[in-house]
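Hi everyone, thanks for coming. Have a look at it first, and then we'll talk.

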Amino acid sequence: MNATQEQLKQKLAQALAAAFGAEYTGVDPILVTASNPKFGDFQANVALSLSKKLGMQPRAIASAIVEKLDISDICEPPEIAGPGFINLKLQTSYLEAQLNAIKTDSRLGVPKAKNPQKEIVDFSSPNIAKEMHVGHLRSTIIGDCIARILEFRGHDVLRLNHVGDWGTQFGMLITHLVDTYPDIGLMETSLGNYLHGDINIGDLVEFYREAKKKFDNDEEFRERSRQAVVSLQSEKEPFTTAAWNLICQASRKEFQEIYDRLDIKLIERGESFYNPYLPAVVEDLEKTGLVEENQGAKCVFLDGFTNREGEPLPLIVQKSDGGYNYATTDLAALRYRIQEDQAKRIIYVTDAGQANHFAQFMQVAKKANWIPDDVELVHVPFGLVLGDDGKKFKTRSGDTVRLRDLLDEAVSRTRADLEARLTEEGREETEEFINNVADVVGISAVKYADLSQNRTSNYVFSYDKMLALKGNTAPYMLYAYVRTQGISREGNIDFENLGTDAKIILKEETELTLAKHLLQLDEVINEVEQDLLPNRLCDYLYNLSDKFNKFYENCPVLKSEEPIRTSRLMLCDLTAKTLKLGLDLLGIKVLERM
Ligand code: ARG
């Protein structure tokens, strides 16, 4: 709902109370977008729903409301249609005034949130020494987009990378590290100097695989690994801590490369951060009487979850060996984020496969009364990335696709397409230009392909589709920007310093349609802020370029007489600015030429 709708809703509610008495104050006028633009822009359906209560025909109710309705500064005279709909059509002069007001506003009419609050977006969150896979890529792209939108709305956003840096896998990794580099120099006792020399663990994934193999096959190795975990988690052994750090550091370097390429900012606060807070989680839960012992493990039984045998399912908060797990850590993180960070909304972006995990620990936190009424917890699930074969996206040899390779491939294909196009058009461009365009378009294509899908469904990863110049793709959107920007540039006017008499004037149908769409940015951003579905913004931008094209086909711009010429140039400029802002909120940079 944008500001205009808000205003109309209010006026309708007032008219309703004026017509039928104060008890009707606060009745929702049921204002919706018109089902058909022929009937106007909006319709209020309240008359139909009040018919029984008032004992009147809906049409009579509608006319009683309309009689008291004063919206002459916004709409044409309202019309009553069908069984009793009140149809509203925005006045052209109203639209013109709105556009004229936003055309020099850097926020393009999107207000900041009335009540800015602390919001945490927990996203990306790969696991140390394990593969950062396409699932993490989705989380990274979607999470970043959500964070950008909340930031734009003026919220205080904390972007947290909840990396898996504390699991039992570290026991075997540390043990394998020591075995592989016996003279590792980690034994140095002078504090702060544990890490000798540069140890290049090399391919961490391979390193992980080797460690796992030994762990699975060698009892003695397994035992040493267990000891290493105990030693690490007690945080008393500088040597193990240093070895752990070394492994994390190597992983971190690889993650950072991906984040840099994707232009993603994140604050790392991994699972290990919450280690000191884990015992209190279990102690405090015990105080609430929710904890039960089950085969030595401390559990909280859950409502609505059963195992395969139909028995009630517990959430384990402390294992029988005293260790804590993923859920305990999330409980500790939750408390920390509420108490220390003072977050009012906590958003977790992970694959839908973890939905149960989130529902479960959130249920436990609620039962324990740890969630104040003004705090909202949201799991933002997303579907799988599939290959052409409809199965999980893999390389031809069946391995997980490395993100670096995936991005490289998108960029090199873009480059090839671009070079072919340049030859075809007989254009000469510098190496620098080609590199930059290939990079921006390739990365944007990957991001846009992900964001333009409703995140809750699976999607098929296809380079061909995402790089296509037609359709709802990044290259298409980037072109649309180049085009609109090109036209407004060609007009050669200084948009920022236009006199007050330079006004947007709307005459043609396609101009009106474009104008109305431009004024809906506010509404779309509002929606994404609520339901956290970035594809709504993609759809909006895609429709915008479509409406722009129709306008441009129908309305000559540069060849028009003044004042229409300037007005239309301003529409082009506003479209360009809207595309740029919208794409920026998706994490996509625009190009001036491509
Ligand atoms: N590291 C986890 C994974 O790779 C994701 C963590 C998501 N965040 C959280 N607070 N649990 O699946």
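Take the contacts between residues at least 6 apart in sequence: 72% of them join residues at least 24 apart. By contact I mean two residues whose C-beta atoms, placed from the backbone, lie within 7 Å.

Before going on, a word on what this is. It's a predicted model, so local features need pLDDT of at least 70, side-chain atom pairs count only at pLDDT 80 or more, and totals for chains, interfaces and linings use all residues. Residues are numbered from 1 along each chain as its sequence is written.

Now the overall picture. The chain has 20 helices and 14 strands; those are DSSP runs numbered from the N terminus, with helices being H or I of at least four residues and strands being E of at least two. Along the principal axes, the C-alpha atoms fill a box of roughly 85 × 70 × 45 Å. Of the 594 residues, 37% are buried. Buried here means 20 or more other C-beta atoms within 10 Å of a residue's own, exposed means 12 or fewer, and partly exposed is in between, with C-beta atoms placed from the backbone.

There are domains too: domain 1 (3-90), domain 2 (91-119 + 468-594) and domain 3 (169-264). Those bounds come from an automatic or database domain assignment. The C-alpha centres of domain 2 and domain 3 are 52 Å apart.

Next, the sheet. In what order do the strands of the open sheet come? The order is β7-β6-β5-β11-β12, five strands with parallel pairing. The edges are β7 (267-268) and β12 (376-382), and each has a single partner strand, so one side of each has no neighbour in the sheet. We say two strands pair if DSSP finds at least two bridges between them. β11 and β12 run parallel and are joined by seven bridges, and Ile347 sits opposite Val378 in β12. If you're new to this, strands of a sheet pair through backbone hydrogen bonds, either parallel or antiparallel.

For the antiparallel kind, look at β9 (residues 297-306) and β10 (residues 312-318), which pair that way over five bridges. Thr306 has Pro312 in β10 as its bridge partner. That hairpin has five residues between the strands, and Gly310 takes a positive phi near 80° there.

On to helix α5. Why does its length make sense? It has 19 residues (134-152), and at 1.5 Å a residue these should span 27 Å; the end C-alpha atoms are 27 Å apart, which agrees. The expected span is 1.5 Å times one less than the number of residues. α5 is mostly covered, with 16 of its 19 residues buried. Just after α5, Gly154 takes a positive phi of about 95°.

Within α5 we find Gly143, which counts as buried because it has 29 C-beta neighbours inside 10 Å. Leaving aside neighbours within four places in sequence, Gly143 is in contact with Val121, Phe123, Ser124 and Val349.

Ser124 is worth a stop. It sits in the loop between β5 (118-122) and α5, and its phi is near 70°, positive in a residue other than glycine. Ala129 is found in the loop between β5 and α5 as well, with a positive phi near 65°. Both are buried: Ser124 has 29 C-beta neighbours inside 10 Å, and Ala129 has 23.

Now the ligand. Which residues surround the ligand? They are Asp122, Ser125, Pro126, Asn127, His162, Gly164, Asp330, Ala333, Tyr348 and Thr350. The elements giving two or more residues to this shell are α11 (326-339) and β11 (345-351). By class, the shell has three nonpolar, five polar and two charged residues. Ala, Val, Leu, Ile, Met, Phe, Trp, Tyr, Cys and Pro count as nonpolar, Asp, Glu, Lys and Arg as charged, and the others, Gly among them, as polar.

Pro563 lies in the loop between α19 (535-554) and α20 (564-585).

Definitions and conventions: Near = placed C-beta within 6 Å.
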